[in-house]
Amino acid sequence: MKENAFIPNNNKSVIYMLSKEFGRYNKRRNCILMGAISLCIITLTIVFGIALGKVQAEYIKSVRTAGMDASTCIEEATQNQYEKVCSLSYVKQAGRSVSVGEAIANEEYVCKIQVLDESAWEKIVKPAYTDIHGHYPKEKKEIMLSMKALEEIGIKNPKQGTKVNLSVNIGLFRTEKEEFVLCGWYTDYVDNQKNSITGYISEAKYEDWGYDIEKKSDILIRQSDSMDWQEIEERLYQDVLGKGSELKVISHNAFAYDAVNQLIGSYGMAGMGAMVILCGIFFLIYNVMWISMAGDVQQMGLLNMIGTTRKQICKVYYGQIIGVLIPGVLIGTFFSVFLLGVVIPKILGIQYLTIFGGAKVFRIFRPGILIASIVFATLITMGVSAGVIHHVVNDSCVESINYTSLKIGKKKRKSRKVKVKYTKRSSAKELLYMAWQNLIRYRGRFLLTVFSLFLGIEVFLGNVVITNGSDYIHVIEKRPDFLIAGKFSDWGQREGYGDEYKSRDAGEDPMKTEGGNFCLLYGNDYDEFSPISLEAKESLLNLDGVDKKSSYIMQGAYMITTISRNGISPLIDNFDEKAEIREGSGYDYDYSMIEGFDADVIQIISDEEIAELQQYVKENNLTVDLESLKNGTGVVILHDHQLSPKQEKMAEKSIGEPVFFTTLLSKEDWSFWNQLNQKERNSMDDTEMSERKQSERFELSGYLDNRLEGFPHIRQTWHGAEGTIYYLISEKGFEKIPTKKKTLYMELNVDEEKEPEIKAEIQDILFRENRKREKMTGVEREGETGEAGIFCISKSDLLSEARNYMQGNRLILGSISVVLFFVGLMNYFNVMITGILSRRKELGIMEKVGMTKEQKRKLLVVEGLYYCLAVAIMIPTIGYGILRLIGIYMEKKLSYFVFCYPVELTIVLIVCLAVICLMVSEVLYRKENKIQTNES
C-alpha cells in the first residue's frame, strides 16, 4: 500500500504514546527479547574474552620461558639476507643477534654475552622481560644484565652507573677484560641453567673488538602466527637462502600458534567455532522476533490501514524495539564488565603466570569485544525488526492484518476422485496427531527451533570434547608410571639440569630434560659407568606389581666415535676447523677418519622399532639403508632436525661410510691417573695408560630426523638435550662392540592398586643405591664427589604438581562450555514461551470448541516432547559424526589429543531437556490459565 503523503500527521507525542502502548501490550515478548539481547552481549564477551585471555596467557608464558618472542633463527646470515627477510609478508618482526662469548667474574661463569640491534631488542627480546630499568647499551662501556647475572656477581641493589668488571671469552682463543658501566637491568624467566642467563653489550663495543653485526649475525624472526615451523622453514629456504645454501634455519612453531592449537586445534578451527557461536547467538534473538512477527505485522497493519505513513510506522515500531534494546544493552554491559573485570579474573588469574611476572597480565575483559558484541546484538535486533516493516509496507492492509507467517503452497489438481478411507483415532492418538500438525504447520519455526537447540547442545558437547581431549593430563598419562634415570653429575646439577620436567609447558614431554650426556658423564666418563647399575635394575624389575611386558629398559653404551670425513661432514659445519684428526698413536686410525671429542650415545633398538623405521623410510621414500642396521653391520645417526637442505643431500651420499667406536678409559686406569701428580701426568703418553678397546667397523646406514612429521615413536635416553647425536644400533650390531651393555634408563608400569607400595619400595632401592655410589670414586673432576646417582620421576607426582594448571585450564574452558550450553537452553525457553504467547488466541478458540484444560496441557507437553525427540535423534547421529570429525582434526594437530565421546553427558543432557520440556509446558499452561481467569 502506498504512503498516504497527504496526511500531515507527524505528532511526536502520539508516536511515542503508540510505541509505549505497543511495548506494554508486548511486554512479555519484550522482556524475553531484552533478556536475549543481554545474554547475547554477556555470552560473546565472556566466551571470546576468556578464549583470547587464555591464548594470551599461554603466549606470554611461552615468550618469557623462551626469553624472546622469536621462534625462528637463520644462523650467520648477511645483511642482504636480513633485508630480504624484513621484506617478507609472513615475517612480522625480525632482528639481528650475535652471541659474542661468555662473561667471567672472579673466575666464575656469569652469563653469555650477546649483541642485538634495535629491532631485535625492542620487538623480540624486550617483551620477554619484566621490571626493566634503564636502557639498552649504546656506548662502548655500557652493559645490561639480568638480575640473575647481577646476583652471580654479588650486586643485589643495582644502580645505573655501577662499575662491572668482567672478562669476556670470545671464541676459544681470545679474552677481553673490560670495566663496564651498568646501564640497565631486568628480570627474566628462562630456565635456571646458567647458560641461559644473558647479558647485552652495545654494537659500538662489538665494533671496537673488530667485529661488525651487519656482516654476519643470526636473524631472529617472529613469523606469522598461522604458520607452523615446517612451512616457515621451507618458505625461508625458498625466498631467502635457496635450497643449496649452507646456512641453517632453526624453526619452531610461533608461540601464538601453539597457544591456539592447545585451545582449539588451529586458527581454522577457531574461526569455525566463532562462526558457530555467532550463529547460536543470532538464533537466540532471531527466534524470539521471528516467532512473534505475525502479531507485530498485524499490529502495524492496523496502523497502515488507518493511513499511518511508512516513516511513522517505522518510528512507532522501532521506538518500542529501542525501548527494549537500550535496557538490554545496559544490563548486558554491566554484567559483562562485572563478571570479566572483577569476578572471573579473581577466580582464574591465580592459575596463570604467577611465576612469569604475575597474574595481573591475565586479562580477559576487552572493551573492543564488548563494543563488537553490542553492535552485533543491535544489528540482529534491528535487522529482524526491518522484516516486520517490510511486510507492513509491501503487503496490502488486508494481507497485513491477516498475516500468519504460514506459507500456503498451490493445491495440486486432482485428476480423478479418490475414495479416502478415514481411520478413527483414539483421543490420545488424536492429541499426538494434533501436536505434530501444530509443529509442521509452522515448519520453519519447528526446524529453526530444533536446529538452534541442536546447535547449542552440539557446541557445548564439542567444547567438552576439545577441552577434555586436549587436557594436559593426557600428556602425562601417556608416560610410564615411573621413569628411572641417572642423575646428572654435581657439575651438571649446578648448571641447572635435571629438574626441568617440573615446569614443562602443556604439550611438551613432562619427563624431558635439556641436559646432554656430557652433563651426566662429567666426572663419570669411564667404561664401567652405567646410569642404572645391574643390581638396581634387577631389584626394580623384581618388585611385586611391576608389569615387565609393558615396562621398557633402554640399553646401550657411551663411547668415543671415529667416523670418516664424508660420514660426519653433513652434521658438522666447517668440520676441518672443529674436528681433531688423529694419525698414528697406536690405534687403527687413518688420515680420513675423525675422532670425536666427547662420548656419544650408542643406543640399542629392538627389531620392532627397526620395523617401524623401515615402514617410515619406505612411505617417505628416504635414502637410508636399514637392512645394514638390522643385520648388525650398520648404524644410523638420529638427530633433531640439525641438517640444512644442502646437508641432507650430503647425508644421502654418506651411506656406507666407515664408523667405529672406542671404549672410554676403565675405572682402574682413571684411579691410577688420579694418583699421579701433574708432572707425572704431563710426561705420560696416552698409550701408557691403557689400550682402549675398539669395535669392528660399521657402515653408516644414514641419517634420520626425529622432528619430521610421521616419525615413529622411538624412545631416546633421558639425557638427550637438543642437538645431541644418537647412534642407533641393533642387538646384533652391539655384539661387535667391546663393552658391556649399560642400562641408560627404565620405564616401569605397575599395578595401579599396588602403585603406592611400589613407589615407596622404589625410593628405598634408590636411597640404598645412591648411598653406595657416594662412596665410589671416578674421574677426578673439580667439585665432583662420588659417582652420579639415580632418581625417579613418578607420574602420580607429575599429576599432583600439574593439578593447579589443569584446574585452571578446565575452569577456563569449562566456563565457556557452561555459557554456551546456557545460551542453547535460553534459546529453547525463549522459543517455547514466545511460541505459546503467539498462540494464545488459537488455544482459546480450541477451548471454546470443546478442548478441556487437561487436553490443552497434554497438547503443550507433547509438542515440547516432540522438540526433545527430534534433538535426541540428531545428537547421537549427526552430532556424533560432527564430533568425530572434530576429534580426527584435533588428533592431527595435537599429538596428545584423546577423543572420547561424552556418552554419559549426552544422556544427561537429553534427560534434562525432556524434563525441561515438561516443566516449561506445565509452567506455561498454568500461567496461561491464570491469565485467562483474570481476563474473564
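Guide: Let's start with a term: a salt bridge is a side-chain nitrogen of Lys or Arg within 4 Å of a carboxyl oxygen of Asp or Glu. Keep in mind that the model above is predicted.

Visitor: Which residue pairs with K537, and how far apart are the closest N and O atoms?

Guide: The idea behind it is that side chains of opposite charge can pair when their charged atoms come close. Here K537 pairs with E538, and their closest N and O atoms are 3.8 Å apart. The lysine, K537, is buried because its relative accessible area is 10%. E538, at 35% relative accessibility, counts as partly exposed. Elsewhere, salt bridges with shared partners join K140, K141, E178, K205 and D208 into one network.

Visitor: How many salt bridges does a search of the whole structure find?

Guide: The search turns up 23 of them.

Visitor: What does D225 form with K92?

Guide: D225 forms a salt bridge with K92, with 3.1 Å between the closest N and O atoms. K92 belongs to strand β2 (residues 91-105) and D225 to the loop between β9 (217-223) and α7 (229-241), so this pair ties together parts 133 residues apart in sequence. As for cover, D225 is buried at a relative accessible area of 17%, while K92 is partly exposed at 39%.

Visitor: Which side chain meets K148 in a salt bridge?

Guide: That would be D188, at 3.5 Å from N to O. This pair links distant parts of the chain, 40 residues apart: K148 sits in helix α5 (residues 147-153), and D188 in the loop between β7 (174-187) and β8 (198-201). D188 counts as buried at 6% relative accessibility, whereas K148 is partly exposed at 22%.

Visitor: On to strands. In which sense do β1 and β9 pair, and over how many bridges?

Guide: When reading strands, look for the bridges between them; two strands pair if DSSP finds at least two. β1 and β9 pair in the antiparallel sense over four bridges. Within that pairing, C73 stands opposite L220 in β9. Strand β1 (residues 72-77) also runs antiparallel to strand β10 (residues 249-251), joined to it by three bridges. There, I74 faces V249 of β10.

Visitor: What is the phi of E76?

Guide: Backbone angles are worth a look residue by residue. E76 has a positive phi of about 50°, although it is not a glycine. Its place is in strand β1, and at 46% relative accessibility E76 counts as partly exposed. D131 is another non-glycine with a positive phi of about 50°; D131 lies in strand β4 (residues 130-134).

Visitor: Which residues of α22 are buried?

Guide: They are E609, I610, L613, Y616 and V617. These cover an arc of only 120° around the axis, so they sit on the same side of α22. The face turned away from that buried side carries the exposed residues D607, E608, K618 and E619.

Visitor: Which residues are buried in α29?

Guide: Let's take the length before the sides. Helix α29 (residues 755-774) has 20 residues and reaches 28 Å from its first C-alpha to its last, close to the 28 Å expected. Its buried residues are E755, I758, I762, I765, L766, E769, N770 and R773. Their arc around the axis is only 130°, which means they are on the same side of α29. P756, E757 and E774 are exposed on the other side.

Visitor: What makes up the nonpolar surface patch of about 440 Å²?

Guide: I331, F334, F335, F338 and V342 make it. One of them, F338, is found in helix α11 (residues 310-348) and counts as partly exposed because its relative accessibility is 38%.

Visitor: And is F698 buried or exposed?

Guide: F698 counts as buried, at 2% relative accessibility. This phenylalanine lies in strand β17 (residues 698-705). The C-alpha atoms of F698 and T633 are separated by 5.3 Å, with the two residues 65 apart along the chain.

Key
Residues numbered from 1 in each chain as written. Predicted model: local features only at pLDDT ≥ 70, side-chain atom pairs only at ≥ 80, totals over all residues. Heavy atoms only, no water. Patch = residues over 30% accessible without salt bridge, like charges linked within 9 Å, V, L, I, M, F, W, Y side chains within 5 Å. Areas by Shrake-Rupley, 256 points an atom, 1.4 Å probe, with all protein chains shown as cover. Helix = DSSP H or I, 4+ residues; strand = E, 2+ residues; numbered from the N terminus. Buried < 20%, exposed > 50% of the residue type's maximum accessible area, 1.4 Å probe, protein only. Expected span 1.5 Å × (residues − 1). Arc of directions from axis to C-beta.
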